[in-house]
Amino acid sequence: MSISLWDLHEICGLPITGRFYDEVIPNTESLYRKDHKGVSYIPHICRYLFLAYHKILRDSKGKSGVRMTAWIKYWYRGPFRYKKSSRKTVRNKSQKPKEDSDLSGIIAAALKRTEEEEGVFEDLGIADEDMDRSYLAAFLACWLCKFVFPKDDITLIRPGVFKVPSRMAHGVSFSLAVPVLASIYKGLNDISSADDPGNCTTVLPFHYVGSG
């Protein structure tokens, strides 16, 4: 058996129908272009993603791209719930860890952002009414680059995705299952046709393969 569009939709939660997914960096004119009703073709929160990317890249001291970790640290300025684990632990594996995840299934109410956490919105000049959508778009950009459409360097944020999460944050649905399935089969074909499949460096979303 092989993975199908049904698997990606029903099991993995990826939509089949919706707008066509593409990655493109729009020019300045496109970012400000409006239709005959005065509605922007690309939501204005997309500009905040590009501005954040520019600020991070400017402060990265000559690096060729923006790393996912830098993107997360820029947008999220609160305390981290899960600390980075050490490579080696001396804890007896038979002992229960001091802390574990809450498995009750209850999602706690969202906490009010602290002044430090709201600093990112001040840095980017984001109005109050755009905070939640901008924050969501920043998260979706990270999700698309890391989990849905990983490319050669999965540690980098790709600015070409910014248009899609900006529209997603406004409720627009995109057909993700179709391009993800194509990406999976292309990656599997690259592996099967490689001279040394065990050392093939092709990148594909393997977690969806396991889910299917």
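The model is a predicted one, where local features need pLDDT of at least 70 and side-chain atom pairs count only at pLDDT 80 or more, while totals for chains, interfaces and linings use all residues. Residues are numbered from 1 along each chain as its sequence is written, and side-chain values use heavy atoms, with hydrogens and water left out.

**Entry: the helix pair.** I looked up the axes of α3 (residues 45-58) and α6 (residues 131-148) and found that they come within 9 Å and cross at roughly 55°. Axes here are lines fitted to C-alpha atoms over the stretch in contact, with angles from 0 to 180 degrees between N-to-C directions. Helices are DSSP runs of H or I with at least four residues, numbered from the N terminus. The two helices are therefore oblique to each other (under 35 degrees is roughly parallel, over 145 roughly antiparallel, 65 to 115 roughly perpendicular, the rest oblique).

**Entry: who touches whom?** Which residues make the contact of α3 with α6? I noted I45, Y48 and L49 on α3, and R133, S134, A137 and A138 on α6 (contact means heavy atoms within 4.5 Å). By class, I get five nonpolar, one polar and one charged.

**Entry: salt bridges.** My search of the whole structure gave seven salt bridges (a side-chain nitrogen of Lys or Arg within 4 Å of a carboxyl oxygen of Asp or Glu).

- I found D22 and K163 paired at 3.5 Å, N to O. D22 sits in the loop between α1 and α2 and K163 in helix α7, 141 residues apart. K163 is buried at 17% relative accessibility, whereas D22 is partly exposed at 25% (buried is under 20% relative accessible area, exposed over 50%, partly exposed in between, with a 1.4 Å probe and protein chains only).
- I found R77 with D123, the closest N and O atoms 2.9 Å apart. R77 is in the loop between α4 and α5, and D123 is in α5, 46 residues apart. R77 is partly exposed at 22%, and D123 is partly exposed at 39%.
- I found R113 with D132 at 3.1 Å between the closest N and O atoms. D132 is exposed at 55%, while R113 is partly exposed at 25%.

Terms used:
Nonpolar A, V, L, I, M, F, W, Y, C, P; charged D, E, K, R; others polar.
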